[in-house]
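Here is a short briefing on the pockets and nonpolar cores of one protein model.

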Amino acid sequence: MSTFVTKGPVAETQYDLFMLTVWVTLGIFIAVGGAFAFAIIKFRERPNDDRPMPSQGHGNPLVEIGLIGISILLLVIIAVPTLKGIWYTHDTPEDPESFMGAWYSGEELAEEESENPLIVKVIGYQWWWAFEYPQLGITTANEMVIPAGKVVHLELRSSDVIHSFWLPRIAGKVDLIPGRTNSMWIQAGDNYLRWKEKQGAAGPEDESPLLRAEYATYLEEEIHNYYYGQCAEYCGDSHARMLFRATVVDNEEFAEWVIDERTGHGTPDGRSWDDWYTAYADKPDSLTGDLNEGLKLFMGRGKCATCHVVKGNPRALGVAGPNLTNVGSRMSIAAGWLNHRSEEDGSIDLEKQYDNFYKWIHETDVVKPGNRMWKAGGGGIGELIDENGELALLTEDEIHKLSLYLQSLK
Ligand code: CUA
């Protein structure tokens with residue numbers, strides 16, 4: 001999560017601005033600190049000091065006006081690029097190579113969208129993130145997927161308190177403010193023109209296939225990656241655990257991901273959802289196996305479907321919690337706090353993933369103190385009250401089956 005290893009034009013601009021500020025303030029520090037050190041060394045008291053008291057002066061207009069002038073000058077030197085940087089981050093550039101029509105190979109795109117960049121609506125919740133892709137009709141949570149080298153326009157909103165979107169290596173930080181939509185743009189890696197300029201290659205008319213191939217290699221080797229993000233504005237109990245991720249992929253992978261998200265999931269045993277729900281209503285015991293048991297808990301005692309969407313499942317439509325479509329193929333859960341991505345090869349460590357699901361359902365208040373799922377469950381997950389009037393939380397065996405079911409959503 002370093003702002004010094006920049007990937008893309010927005011982070012780069014912010015880094016340059018930071019370095020300019022560092023040099024200016026370093027200059028001020030050396031000038032002021034140097035004058036101070038000079039004065040205390042030259043005028044310090046020595047043993048048997050019989051020098052007369054130095055002349056005591058004040059109110060030197062030349063010095064005062066001079067210092068005010070220098071301060072104003074330095075502030076202007078910092079302010080001009082700062083304002084330019086703010087506008088730069090805010091105004092999504094018109095880059096024809098980033099228009100959806102130029103790179104997106106999926107079918108679901110409306111014609112009028114082909115001249116727009118990819119739009120992602122980012123919505124902050126205590127304490128997780130929703131990422132909506134309105135042009136593609138999909139919503140995901142906590143792990144956004146974006147194409148390498150393409151401009152992405154972000155609309156930032158909050159559903160409760162102020163949060164802040166920060167992807168240190170790509171861009172940051174813009175606040176998500178209740179009742180207001182902020183916008184910014186991000187781009188993981190340079191576009192072709194910018195990259196070519198840095199290579200010192202010939203002018204914009206140079207379209208040699210070789211150079212294009214080199215550019216593709218640059219995106220693949222330097223940009224295609226998994227990036228860590230973090231809420232950067234204090235937003236309550238679990239602010240520090242409100243992380244998110246950006247997976248930067250190539251164009252084909254992006255199109256595949258969209259299809260996957262749009263399709264969603266079937267039933268664990270392959271029957272149609274209608275058949276499954278008929279059996280669930282009439283003969284629930286005929287739905288056997290851990291995954292079926294897990295799904296029954298998801299729809300029933302666990303009450304998961306009242307807050308979570310699972311695409312495909314016609315009755316899992318709640319929107320108060322994160323969208324769980326393909327949650328089993330995400331590299332982390334609990335807004336990035338429970339991570340199961342193997343650092344060696346970037347794959348999912350299945351044992352760790354199971355443990356993370358189990359841990360999250362079992363003690364969500366420990367993982368993320370104060371979270372809504374815990375509160376909504378009255379201090380746990382399960383039906384609020386059973387037939388004896390007791391709080392009926394999920395048992396260990398039920399949590400086990402639910403974990404297996406969630407893990408299977410991929
Ligand atoms: Cu959201 Cu801090």
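By class, 23 nonpolar, 11 polar and 4 charged residues line the largest pocket of this predicted model. That pocket has a volume of about 740 Å³. The second largest pocket holds about 450 Å³ of space, and its lining has 6 nonpolar, 8 polar and 7 charged residues.

**Largest pocket**

- The lining is made up of 38 residues, and those nearest the pocket centre are H308, G321, P322, W360 and M373.
- Two or more lining residues come from each of β11 (332-333), α9 (350-362), α11 (372-376) and α12 (396-407).

**Second largest pocket**

- Here 21 residues form the lining, with V145, T247, V249, W257 and S329 nearest the centre.
- Strands β4 (143-147), β9 (225-231) and β10 (243-249) each supply at least two lining residues, as does helix α6 (251-263).

**Nonpolar cores**

- As background, nonpolar side chains in soluble globular proteins tend to be buried together.
- The largest nonpolar core has 51 residues, and the members that touch the most others are Y133, L136, M144, L154, F165, I186 and F254.
- Helix α5 (residues 209-223) gives the most to this core, with 5 residues.
- Which residues does Y133 touch, not counting those up to four places away in sequence? They are L118, I119, V120, I138, T140, M144, V145, F254 and W257.
- Two of these contacts of Y133, V145 and W257, are also among the residues nearest the centre of the second largest pocket.
- A second, separate core has 29 residues, including A279, M299, V327 and L402.

**A closer look at T364**

- You will find T364 in helix α10, which covers residues 364-367.
- Is T364 buried or exposed? T364 counts as buried because its relative accessible area is 0%, under the 20% cut-off.
- Beyond its neighbours within four places in sequence, T364 is in contact with K359, N371, M373, W374 and I381.
- One of these contacts of T364 is M373, a residue that also lies among those nearest the centre of the largest pocket.

Technical notes. Residues are numbered from 1 along each chain as its sequence is written. This is a predicted model: local features need pLDDT of at least 70, side-chain atom pairs count only at pLDDT 80 or more; totals for chains, interfaces and linings use all residues. Side-chain values use heavy atoms; hydrogens and water are left out. On a 1 Å grid over the protein atoms alone, a cavity is a set of points where a 1.4 Å probe fits but cannot get out, and a pocket is an open set with protein on both sides within 12 Å along at least five of seven lines; lining residues have an atom within 4 Å of a point. Grid points are joined across faces, edges and corners, and a volume is the space filled by probe spheres set on the points. Helices (H or I, at least four residues) and strands (E, at least two) are DSSP runs, numbered from the N terminus. Ala, Val, Leu, Ile, Met, Phe, Trp, Tyr, Cys and Pro count as nonpolar, Asp, Glu, Lys and Arg as charged, and the others, Gly among them, as polar. A nonpolar core is a set of buried Ala, Val, Leu, Ile, Met, Phe, Trp, Tyr and Cys residues joined through side-chain atoms within 4.5 Å. Buried means under 20% relative accessible area, exposed over 50%, partly exposed in between (1.4 Å probe, protein chains only). Contact means heavy atoms within 4.5 Å.
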